[in-house]
Amino acid sequence: MSDRYSRGRTESESSVSRRTFVAAAGATGATASLAGCIYGDGGDGDSVVIAMGSTTISDVEDGMPDLLYENGLDEEIEISFSSQSDDTGEQRDAYSQLIEAGESEPDLMMCDTGWTNVLVENGYLANLSEELDDETLSLIDEEYFEAFVGTARDPESEDLMALPLFPDYGCLYYNKSYAREAGYDDSDFEQWATEPMSWQEWAEITQEMVDASDAETGLATQFDIYEGTSCCSFNEVMTSFGGAYFGGEENLGGPVGDRPITVDEQEFIDALAMMYTFVADGQDENTLEEYPTGIAPTDITSWGEEGSREPFSSGRTAMLRNWPYIVPTTLNGDDYPFEGPDDLGAMPIPYAVEEGEAAQPGAGGTASAQGGWHIGLNPNSERTEEAVQVMQAMTEDDFNLGMLELVAWLPPKPALFDDEEATNPDSVGPIGNYMETLRVAGENAMPRPVTEQWPSQAEIIAEQLNQAVAGDATPADAAAELQSALEESES
């Protein structure tokens with residue numbers, strides 16, 4: 001995945017610039033050289049070098065330094081950028097090599113929420129609980145999204161190991177024109193924006209939209225064999241049914257080999273059966289009677305983010321599960337039937353069981369996959385004091401709002417989602433129309449597992465999920481096979 005979409009996922013299907021998308025923050029060979037190319041003076045003097053993907057640098061290099069100075073950074077401290085691969089996995093590997101080799105640059109590194117803990121486990125990040133002042137640590141504890149901050153902590157000590165920079169959340173988007181043709185209006189849309197509905201109600205509405213409109217099918221989502229399925233699109237569904245891969249949220253960081261594996265459970269099987277029902281031609285022994293069949297194409301088993309976006313943006317599907325980057329992408333596309341918020345709606349992910357009724361701890365209710373990026377401090381940095389100044393400036397409200405306006409990075413603080421500037425499309429672009437929905441998503445975010453074993457486990461999970469939804473294995477058989485495979489991987 002590319003960090004240009006900020007999604008915290010594994011593979012990007014597009015090479016289009018984040019600036020072109022004006023993407024809302026989200027999801028990933030070796031770099032050209034171990035340290036990457038340096039923009040600016042290459043770290044001479046008091047320059048703090050920040051590493052990030054090359055596409056991200058092109059989007060932020062003209063505006064981020066000024067925002068840092070405006071928010072307290074000493075103007076004598078120069079900001080330089082270290083260009084890394086746009087592929088998030090390659091960034092992780094490059095950072096690991098740099099730190100292992102004892103390199104002092106870059107001083108700061110953009111880190112995907114999906115693998116920050118891998119760097120933590122290997123001792124590749126400085127402990128910010130020891131570097132940031134108490135006021136800054138308290139601000140992060142009290143004002144930031146809790147689940148987002150959790151992906152930046154050491155799972156064992158709870159120390160803060162990276163600065164949460166900007167989050168990203170999965171949501172459902174829908175075609176308001178099709179909904180109006182099915183008899184729904186602005187009062188319904190206002191309710192849908194912040195009040196999660198059940199999967200059953202959602203499925204019935206989606207079927208009505210397809211029947212009443214020119215939509216070819218109901219739902220576009222991601223169920224290809226890649227990490228985006230296991231970490232995100234199915235993670236949301238599974239959690240909303242009260243299920244979990246490893247016995248609940250408290251076990252996401254391990255300990256590997258000493259945590260329950262809970263995929264061969266009824267709530268997991270039912271979640272998978274619902275997704276199969278959505279693509280099935282008709283009711284059979286593996287579908288769930290309470291849901292309509294055929295409201296999603298079998299093509300979802302070959303779709304990632306971009307594969308699923310295009311059918312929705314072109315008007316062929318009524319609903320889309322995806323990340324906020326699709327808002328400006330869809331609304332700015334000349335060939336798409338969407339012109340503004342009167343055409344494009346958003347809602348939180350539906351749920352199957354209430355949070356208090358979930359079988360697994362921390363599950364149930366609406367759940368959005370947690371994506372986004374942090375800033376980590378190189379433990380070998382020779383400019384730690386200056387780098388800490390940079391991070392402290394990044395915690396200021398005006399910096400967060402400035403980055404929302406500059407490049408549509410969502411703020412890490414829920415209170416800012418209600419800010420007058422953040423909700424003004426004239427200031428921040430079309431994403432400003434959807435901040436209420438995104439705040440609900442952020443308050444109900446579910447991170448992925450973050451152990452070193454997760455990348456290989458994610459592939460195993462995605463393969464079994466894909467087979468079940470495609471009808472090549474029953475949901476129960478896929479769950480049983482996956483249970484055995486995960487038990488083996490944990491041991």
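**Cysteines and aromatic rings: a working chat**

Colleague: Starting with C171: is C171 buried or exposed?

Modeller: C171 is buried, as its relative accessible area is 0%. Under 20% counts as buried, over 50% as exposed and anything in between as partly exposed, using a 1.4 Å probe on protein chains only.

Colleague: And before we go on, what sort of model is this?

Modeller: This is a predicted model, where local features need pLDDT of at least 70 and side-chain atom pairs count only at pLDDT 80 or more, while totals for chains, interfaces and linings use all residues. Residues are numbered from 1 along each chain as its sequence is written, and side-chain values use heavy atoms, with hydrogens and water left out.

Colleague: Thanks! Which cysteine sulfur is closest to that of C171?

Modeller: The one in C232, and at 13 Å the two sulfurs are too far apart for a bond.

Colleague: How many disulfides does the count come to?

Modeller: One disulfide, taking a disulfide as a pair of cysteine sulfur atoms within 2.5 Å.

Colleague: Which cysteines does the disulfide join?

Modeller: C231 is bonded to C232, with 2.2 Å from S to S. The torsion about that S-S bond is about -80°, so the disulfide is left-handed. C231 and C232 are both buried.

Colleague: Switching to rings. How many aromatic pairs are there?

Modeller: The count comes to 19 aromatic pairs. Rings of Phe, Tyr and Trp (its six-membered ring) pair if their centres lie within 6.5 Å, and planes under 30 degrees apart are stacked, over 60 edge-to-face and the rest tilted.

Colleague: Give me an example. How do W199 and F278 sit?

Modeller: W199 and F278 make a tilted pair, 6.3 Å from centre to centre with 50° between the planes.

Colleague: Where in the chain are W199 and F278?

Modeller: In distant parts: W199 belongs to helix 11 (residues 199-212) and F278 to helix 13 (residues 266-279), and the two are 79 residues apart. Helices here are DSSP runs of H or I with at least four residues, and strands runs of E with at least two, numbered from the N terminus. W199 and F278 are both buried.

Colleague: Nice. And why is the pair of F234 and F268 edge-to-face?

Modeller: Because the planes of F234 and F268 stand at 75°, with the ring centres 5.3 Å apart. F234 is in helix 12 (residues 227-240) and F268 in helix 13, so this pair ties together parts that are 34 residues apart in sequence.

Colleague: Are F234 and F268 buried or exposed?

Modeller: Buried, both F234 and F268. They also belong to one aromatic cluster, together with F223, Y245, F246 and W454.

Colleague: Then over to charges. Which charged end sits over the ring of F246?

Modeller: That of R259, 3.7 Å from the centre of the F246 ring. To count, NZ of Lys or CZ of Arg must be within 6 Å of the ring centre and within 35 degrees of the ring normal.

Colleague: And which ring has the charged end of R321 over it?

Modeller: W323, where the charged end of R321 is 4.8 Å from the ring centre.
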